[in-house]
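Reader: Could you walk me through a few local features of this model, with the terms spelled out as we go?

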Amino acid sequence: MAEVATSATSEQLLVVVDPVARRSDGESVRIAKDVLGAGAGMKLCLPDGPEEFARALARRGSRRPVVVGDDRALIRAVALLHRHRELAGCALSVVPVGGAQSLARSLGVPAGTVAAARAVLDGVERRMDLMVDDSDGVVLGALRIPPLSPFPAAEDPGTEDPEGATGRPWLRTCQYLVRTLVPAGRPSRLAAAPEPGPSRLRVEVDGETLVDLNQPVEAVSVSPGAAGIASVEVRPLSVGAEASPLLARGRTVTVSGAHFRYRADTVVSGPVRTRTWVVREGAWGLTVPAGH
């Protein structure tokens, strides 16, 4: 991963504060604004929702965008810049504030609001690989296909995108109503749902079949490796002794079969019957501490 030195203090920053961060941890937001404002020229934007968030990024001009928010805000910013084909010429910075921060940490952003804000001012740009799917979605970190489940959203309500990234925001509302309307002491259908079962999927890496529909699998994971190559791991269903995972590396990964859901970073999407991901080498830049 290449690093390009930048002089953050000579730049003008556009600081976009995600509304979820403002509601969940206003004190950390205030600290981030104070540190950034003391070290560089700064224009502050406080969007009320995703549409204003998108407009702020689109109107940034020559200012370097800094996202103050959690992993979802970072993913949203990268997806917007990718959609407008502006990732190549834009170094993005993030100060993690809010609940989910594991993705930002894994990408090299330091823990702690002050440390992360100082990295924005004094850090370097690291170019990173990006996985892009055939619906123009992006994956920054890891892609996982879990076992089949009749109610995947009910198992972890925090995994669905609050803006309806899965296209079915009504599903969580219906599940909530079911839970609240079922009389006390009487198990709901959600509680009595069968356990997740194995998936039957075809996984192809650079056109070569790694596993086919006749082999049930427990899980599939894909993550950007280095130099534009993705690492793929398929765990076959084990019977008796544990089955060894199937490993492959390539630039293009296609998964097909019965309708399946997948978790791209923190967002669950689907169901789909087929999806292809392509690794784009050095497609986006993130500011991280120098020497990281």
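Author: Happy to. Contact here means heavy atoms within 4.5 Å. This is a predicted model, where local features need pLDDT of at least 70 and side-chain atom pairs count only at pLDDT 80 or more, while totals for chains, interfaces and linings use all residues. Residues are numbered from 1 along each chain as its sequence is written, and side-chain values use heavy atoms, with hydrogens and water left out.

Reader: Which residues does valine 253 touch, not counting residues up to four places away in sequence?

Author: Valine 253 lies in strand 14; helices (H or I, at least four residues) and strands (E, at least two) are DSSP runs, numbered from the N terminus. Leaving out residues up to four places away in sequence, the residues that valine 253 touches are Val203, Glu204, Val222, Val232, Arg275, Thr276 and Trp277.

Reader: Is valine 253 buried or exposed?

Author: Buried means under 20% relative accessible area, exposed over 50%, and partly exposed in between, using a 1.4 Å probe and protein chains only. Valine 253 has a relative accessible area of 2%, so the residue is buried.

Reader: How is the pair of tyrosine 262 and tryptophan 277 classed?

Author: Rings of Phe, Tyr and Trp (its six-membered ring) pair if their centres lie within 6.5 Å; planes under 30 degrees apart count as stacked, over 60 as edge-to-face and the rest as tilted. The structure holds 2 aromatic pairs. In the pair of tyrosine 262 and tryptophan 277, the centres are 5.2 Å apart and the planes 85° apart, making the pair edge-to-face.

Reader: How many residues apart in sequence are the parts that this pair ties together?

Author: Tyrosine 262 is buried at 4% relative accessibility, and tryptophan 277 is buried at 1%. Tyrosine 262 belongs to strand 14 (residues 252-264) and tryptophan 277 to strand 15 (residues 267-288), so the parts tied together are apart in sequence by 15 residues.

Reader: Which residues do ring pairs link into a cluster?

Author: Phenylalanine 260 and tyrosine 262 form a tilted pair, 6.4 Å centre to centre with 50° between the planes. Both phenylalanine 260 and tyrosine 262 are buried. Ring pairs link into a cluster Phe260, Tyr262 and Trp277.

Reader: At what angle do the axes of helix 3 and helix 4 cross?

Author: Axes are lines fitted to C-alpha atoms, for helices over the stretch in contact, and angles run from 0 to 180 degrees between N-to-C directions. The axes of helix 3 (residues 50-58) and helix 4 (residues 71-83) come within 10 Å, and they cross at roughly 55°.

Reader: Where does arginine 85 lie?

Author: Most residues other than glycine have a negative phi, and most peptide bonds are trans. Arginine 85 has a positive phi of about 55° although it is not a glycine. With a relative accessible area of 54%, arginine 85 is exposed. Its place is the loop between helix 4 and strand 5 (91-96).

Reader: What is the phi of aspartate 136?

Author: Aspartate 136 sits in the loop between strand 6 (124-133) and strand 7 (138-139). This residue counts as partly exposed, at 32% relative accessibility. Although aspartate 136 is not a glycine, its phi is positive, at about 70°.

Reader: What is the omega of the peptide bond from glycine 270 to proline 271?

Author: Proline 271 is found in strand 15. The peptide bond from glycine 270 to proline 271 is cis, with omega near 5°.
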